[in-house]
Structures are given as C-alpha cells and as structure tokens.
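Please look through the model below before reading these notes. They cover confidence, fold, core and aromatic contacts.

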Amino acid sequence: MKKNWLLIAGIAVLLVAAILMVNSGTANQSSPAPPQEHQASHTPIQTPATAANTMPAHYTQPPSRSSLGPTLEPEKFTGPVREAYRAAREIPQTLAQLPCYCHCDRGMGHKSLYSCYEDDHAAHCATCVNEALLALKLEKEQKLSAAQIRDRIVEQFGQ
C-alpha cells in the first residue's frame, strides 16, 4: 500500500515538473516586439500579439463616418444582436475607437469593434455584442467620451 502511494506521488512530481518545463520553454520563445513606428491618429492601433492581455486594434481618434464601411442591416437579426447592430449604426465613430476583446483583429484583420458589424461576425460573438451594447449605454446614459468608454471596455473585457 505504501509503495502505491510513493509511486503515485512520484508520477505527480514528474507531471508537475514536465508542465513547468513546457510552460517556461514557451514563455521564452516569444519574439521581441517590433519597434514602434509613428502612427497617424486616423490609423488603427495594432499592438503586437506577444502577450495574452494586449489591447486589440482600435482607432485613437474618431474616423470620419464616410471612411467607415457600412454595417449589416439590424433587421436581419433578433434580440440583443439586433440591438448591437443598431448601436453600430447609431455610434459608429465610438465603436471604431474601441478594441474588440474577442481578438478578431488577429484572426480576421478587424481594425476595431466597429469592424465586427461590417459583416456577420458580431452575430456569432457575445463579446462583440456585449461591448457594443455597453458602449451605447455608457455614451447615451452616462454621456461618457469614447476614451472613457474604451477605459471601461478594457477594464471589463480586457482581463
């Protein structure tokens, strides 16, 4: 009986050591961040994807409405998704200044939260919907600026 416990403890120690070695090996393999280039205020910020908590792409200044692509029709959707697509139509410049924490900028090339509403991506993503609805609420009810809303989005979704 005592041999069984020693065997189990030995296996557990080896397993923990293997996990620690794998994790420490992958942490050292990340490439250094590229040097920061000066970016115009109308260009979306894209941060290097070297850390899990990097801020996704977004505009630092409101782009002109005419520079933003059209969103899908809200009437094509129901419930909160419809309301989120309506928010994209109502406050497009605000959403363009917000990062999307489903990190679609990495896999889909999105430039901001607004990009999620130019196609049907947001219809399938609770993060996109929840961020847009929160942004609309904060702008309309609390009269917050896009920068203040971005701070709240980062606080709530960037964990």
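The points below go from confidence and overall make-up to individual residues.

1. Basis. The model is predicted; local features are taken only at pLDDT of at least 70 and side-chain atom pairs only at pLDDT 80 or more, while totals for chains, interfaces and linings use all residues. Residues are numbered from 1 along each chain as its sequence is written, and side-chain values use heavy atoms, with hydrogens and water left out.

2. Confidence. The mean pLDDT (the predictor's confidence in each residue, from 0 to 100) is 81 for the chain, and 68% of the residues reach at least 70. Helix 1 (residues 2-27) has the lowest confidence, with a mean of 59, and helix 2 the highest, at 98. The pLDDT is below 50 over residues 25-41, a stretch with 8 contacts in the model beyond near neighbours in sequence. Residues 46-52 are also below 50, and this stretch has 14 such contacts. Contact here means heavy atoms within 4.5 Å.

3. Make-up. The chain has 6 helices and 0 strands. These elements are DSSP runs, numbered from the N terminus: H or I of at least four residues for helices, E of at least two for strands. Among contacts between residues at least 6 apart in sequence, 61% join residues at least 24 apart.

4. Surface. Of the chain's 159 residues, 34% count as buried; buried means under 20% relative accessible area, exposed over 50%, and partly exposed in between, with a 1.4 Å probe and protein chains only.

5. Core. A nonpolar core is a set of buried Ala, Val, Leu, Ile, Met, Phe, Trp, Tyr and Cys residues joined through side-chain atoms within 4.5 Å. The largest one holds 32 residues, and Leu95, Leu113, Cys116, Tyr117 and Cys128 touch the most other members. Helix 2 (79-90), helix 3 (92-96), helix 5 (126-141) and helix 6 (146-157) each contribute at least two residues. Helix 5 gives the largest share, 7 residues.

6. Cys116. Not counting residues up to four places away in sequence, Cys116 touches Tyr85, Cys100, Cys104, His110, His121, Ala122 and Cys128.

7. Aromatic pairs. How many aromatic pairs does a search of the whole structure find? There are 2. Rings of Phe, Tyr and Trp (its six-membered ring) pair if their centres lie within 6.5 Å; planes under 30 degrees apart are stacked, over 60 edge-to-face, and the rest tilted. Phe77 and Tyr85 are stacked, because their ring centres are 4.3 Å apart and their planes at 15 degrees. Phe77 is buried at 14% relative accessibility, and Tyr85 at 0%. Tyr85 and Tyr117 have ring centres 4.8 Å apart and planes at 75 degrees, so this pair is edge-to-face. Tyr85 lies in helix 2 and Tyr117 in the loop between helix 4 (104-107) and helix 5, so the pair ties together parts 32 residues apart in sequence. Phe77, Tyr85 and Tyr117 form one aromatic cluster.

8. Leu68. This residue sits in the loop between helix 1 and helix 2. Leu68 is buried, with a relative accessible area of 12%. Leaving aside neighbours within four places in sequence, Leu68 is in contact with Pro63, Pro92, Gln93, Ala96, Tyr114 and Glu118. Leu68 and Tyr114 are 46 residues apart in sequence, with their C-alpha atoms 8.4 Å apart in space.
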